[in-house]
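Q: I am new to this structure. Please take a close look at a single part of it, and then show me what surrounds that part.

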Amino acid sequence: MRMPSTAAGDATPARGQPPAHSRLTRLWAGARLIPVLARQHWLFTIVLIAGLVLRILAQIAYRPALLYIDSTKYLLGAYPGDDPTGYQVAIKPVLVLGNLDEVAALQHLLGLAMAITLYAVLLRRGAPRWLSALATAPVLLDAYQVQIEQVVMPDVMFEALIVTGLAALLWRRTLTPWLTITAGLALGASATARQIGEIFILPAIGYLLIVVPGWRPRLKYAALLCVAFALPILAASYGNYANPQLHSFSLAPYSSGSIYGRMAEAANCTTLRLPSYERILCPDAKQKLLGPDGLDHNPASPIKGTTIATLSPASRQALLRLCPERVGFSVVPSICGQVTSDFDHQVLKQQPLRVAESIARDTLKMFALTRVTETGDISLSRWQFQTYYPTYPPYIVIDNGSLVFGTYNRQGVAETIGTGRDFAGGNPVVVRPLAAFLRAYQLDGGYTPGPLFLFALLAGLAGSLATLRRRAPAAQRAAALACLLFFTTGVAVLLVSDVFEFNWRYQLPALITLPPAAALAITVALTHRRRSAGPATVSPAAASPAAGSAAGDEMIPDPLEADHGQHDDHAEGQEHHRGQPDGNGLHDHAGDGRPGDDGSQNAQAAGHSIGLAAGHQPGDETRKGAGQVGT
């Protein structure tokens, strides 16, 4: 585009386009804000740096990346139909442009981004800075989280999409259509990483129906959320339908057997009424020791194959008619969804209390003081740092220093399906001193203890119940509603995961849901205590003419404001901010540039849209003016 010229011949920017030097000035001013924010949020900065150091050590200690049995599904497309394809699609561009190192590095960056996002959301919902920082410590410092970020597995993508969806719903007190759509897309996409994500539509819809006033707007926003939620699931399902190997419109066509392990482990086949050909799916006492996961995947499980020689001719013909695929004189019921599905249905229908007891027993394991592997559980060592490069024959092996990927064919014979040469990044290498440090850190307390999860769960429940107080102050209700969303989301994903099997890896979403719920519950309690103590003293800055107010609502503080946490609120329903109120309780305009307002001047110069409603931080009563720089 031709630039207009002055009389002197100098090019001048077209109308509406800032000059290049102005953009550079804003970038420089924005960079200057980073140390200011780091000083004001010093505790979070310390925790964030510690988390960054742990991830750098993990990235250096294990190269190109750690692999697990299921990694071949996402790298080589093994076992199509067993799991959703979202993670496989997500890492494909990374592998085309980079290698396995980049996959691990990207997942570590997502881990840090999750913590930053959670911190910002908690601040916007009124939590004090120290409490918000502590709530992000588990996801930043838990060694099991750092370890899974180093593994080529979909868990980090799953967690990141959960955080994105929750942040979109909670970013503003007044929901907007675009935030609703963003939340729906993110939460729906989480189901393409782990199918268990389909459950998130329930807490999201529940939250939306509470915060949106009026039935017509509720229906509108609920429709937006449901459509956005369904889009990624429909896209992934269509991909399986278009796959000639599958031709099934579902996220994971062959995952129906994954509930069998839980049902078989819980069943008492002595009193269970079943067709004779389904009794071959009843595990004996030795097979029950395999646990739900072993009963789903171990070759010794009844679902993997059983002889039919002992069946009556009528039962044999019925089974062969339902399960046409055979291996010699054995039938493989896992291929026959009709038989296994009916077995699961009969166990659940006839023995629901045994199933509930089995699930509850596994659910309580998360609250143990120490982490151990109990009989029937997946070995905890799979999610621990080792001083060597872990292998899982025949799926992941090292041959002559190179990675080799394998599997079992239908005859039970191991065969190679790929090698490490298919992916750039070099041969597997472990830096033993760093690996030993990470392992010692993890085993000697570098994880979130079970009692802390129990406290977070109970606190989240109490904070969620605060939403029942209809006459609560606006700030208190905003924190309680956010607590409710985090709490219900965490409980939903943990419980539904335990319905299938207990796995310490499946407990990781607790790190991004339960601690934030507890922090918000404490914020609710602090707000209630402060209100009970009487109205707070209004600071001169808050009482100035420039600080407009909108009675009946409180502003959610902007965590990126330079003087965040500096001013006090009026108690109950007062909103203090610079600029004119817009009635939504949130503002997205730059600072007013008053003399002495360095933070807002920098924000304005940086060109950022920063809300300037610096609400009082509950619990910061003794830190008046702590947000000021240079005082």
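A: Start with one term: a residue is buried under 20% relative accessible area, exposed over 50%, and partly exposed in between, judged with a 1.4 Å probe and protein chains only. Arginine 316 is an example of the middle class, being partly exposed at a relative accessible area of 30%.

This is a predicted model, where local features need pLDDT of at least 70, side-chain atom pairs count only at pLDDT 80 or more, and totals for chains, interfaces and linings use all residues. Residues are numbered from 1 along each chain as its sequence is written, and side-chain values use heavy atoms, with hydrogens and water left out.

Helices (H or I, at least four residues) and strands (E, at least two) are DSSP runs, numbered from the N terminus. Two strands pair if DSSP finds at least two bridges between them. Three strands make an open sheet here, in the order S5-S6-S7, with antiparallel pairing. Strand S5 (396–399) and strand S7 (414–419) are the edges; each has a single partner strand, so one side of each lacks a neighbour in the sheet. From one strand to the next, the twist averages 40°. Such angles run from 0 to 180 degrees between N-to-C directions, along axes that are lines fitted to C-alpha atoms, for helices over the stretch in contact.

Look next at S5 and S6. Strand S6 covers residues 402–408, and four antiparallel bridges pair S5 with S6. Valine 397 has valine 404 of S6 as its bridge partner. Aspartate 399 stands opposite serine 402 in S6. The two strands form a hairpin, with two residues between them.

Asparagine 400 belongs to that turn. This residue is in the loop between S5 and S6. Most residues other than glycine have a negative phi, and most peptide bonds are trans. Asparagine 400 is also exposed, at 75% relative accessibility.

Which peptide bond from proline 393 is cis? The bond from proline 393 to proline 394 is cis, with omega near -5°. Proline 394 sits in the loop between H17 and S5. A cis bond also joins arginine 63 and proline 64, where omega is about 5°. Proline 64 is in the loop between strand S1 (62–63) and helix H3 (71–76).

Threonine 363 is buried, with a relative accessible area of 18%. Contact means heavy atoms within 4.5 Å. Leaving out residues up to four places away in sequence, threonine 363 touches Leu495 and Asp498.

A nonpolar core is a set of buried Ala, Val, Leu, Ile, Met, Phe, Trp, Tyr and Cys residues joined through side-chain atoms within 4.5 Å. The largest one has 122 residues, and Leu75 and Val152 have the most contacts inside it. Helix H8 (residues 155–170) gives the most to this core, with 12 residues. Apart from it lies another core, of 23 residues, including Ala318 and Val339.

Return to arginine 316. Its helix is H15, residues 313–322. Its C-alpha atom is separated by 9.2 Å from that of serine 276, 40 residues apart along the chain.

The structure also holds one disulfide, meaning a pair of cysteine sulfur atoms within 2.5 Å. The bond joins cysteine 269 to cysteine 282, with S to S at 2.2 Å. The torsion about the S-S bond of cysteine 269 and cysteine 282 is about -95°, so the disulfide is left-handed. Cysteine 269 is buried at 16% relative accessibility, and cysteine 282 is buried at 15%.

Last, the chain as a whole. Its secondary structure comes to 23 helices and 10 strands. Of its 631 residues, 53% count as buried. Among contacts with a separation of 6 or more, 72% are between residues 24 or more positions apart.
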